[in-house]
Amino acid sequence: VYRVHWLRTKALRDRWSEEQLLIEHEMGWTLQFFLHKATMWLSRITYNGDPLPEGHKCYSIQQAHMYHELAKHARTSFLKVNPMFRV
């Protein structure tokens with residue numbers, strides 16, 4: 001009976017360890033996604049070297065700023081949860 005409980009407890013601990021590892025990776029992936037999207041929107045300011053119309057440029061800059069802010073917020077939130085967080 002004790003062995004069964006020990007094995008169940010070990011399996012539960014192993015699942016939690018795996019979940020923690022996955023969450024740490026997902027935090028990094030989320031931050032990298034936001035930074036990638038910000039870079040992508042900034043690269044859309046020009047089209048094949050030609051400047052875009054002013055409205056398109058403003059929208060691209062607005063989207064890039066939004067993704068930078070999301071990345072900044074995600075980083076501060078992740079650091080609150082895990083002070084050792086690094087990308």
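Mentor: Begin with a cut-off: a residue is called buried under 20% relative accessible area, exposed over 50%, and partly exposed in between. E69, with a relative accessible area of 34%, is therefore partly exposed.

Trainee: What is the mean pLDDT of the protein chain?

Mentor: The model is predicted, so confidence comes before detail: where pLDDT is low, the predicted coordinates should not be read in detail. Here the mean pLDDT of the protein chain is 92, and 100% of its residues reach 70 or more.

Trainee: Which residue forms a salt bridge with E69?

Mentor: The partner is K72, at 3.4 Å from N to O. Both residues lie in helix α2, three residues apart, about one turn of the helix.

Trainee: Which residues are linked in a network of salt bridges?

Mentor: K10, R13 and D14 are linked in this way. D14 meets K10 at 3.0 Å, N to O, and the closest N and O atoms of R13 and D14 are 3.3 Å apart. D14 and K10 are four residues apart in helix α1 (residues 2-43), which means a separation of about one helical turn.

Trainee: Is R13 buried or exposed?

Mentor: R13 is exposed, at 51% relative accessible area. D14, at 33%, is partly exposed, and K10, at 34%, is partly exposed.

Technical notes
Residues numbered from 1 in each chain as written. Predicted model: local features only at pLDDT ≥ 70, side-chain atom pairs only at ≥ 80, totals over all residues. Heavy atoms only, no water. pLDDT = per-residue confidence, 0-100. Salt bridge = Lys/Arg side-chain N within 4 Å of Asp/Glu carboxyl O. Helix = DSSP H or I, 4+ residues; strand = E, 2+ residues; numbered from the N terminus. Buried < 20%, exposed > 50% of the residue type's maximum accessible area, 1.4 Å probe, protein only.
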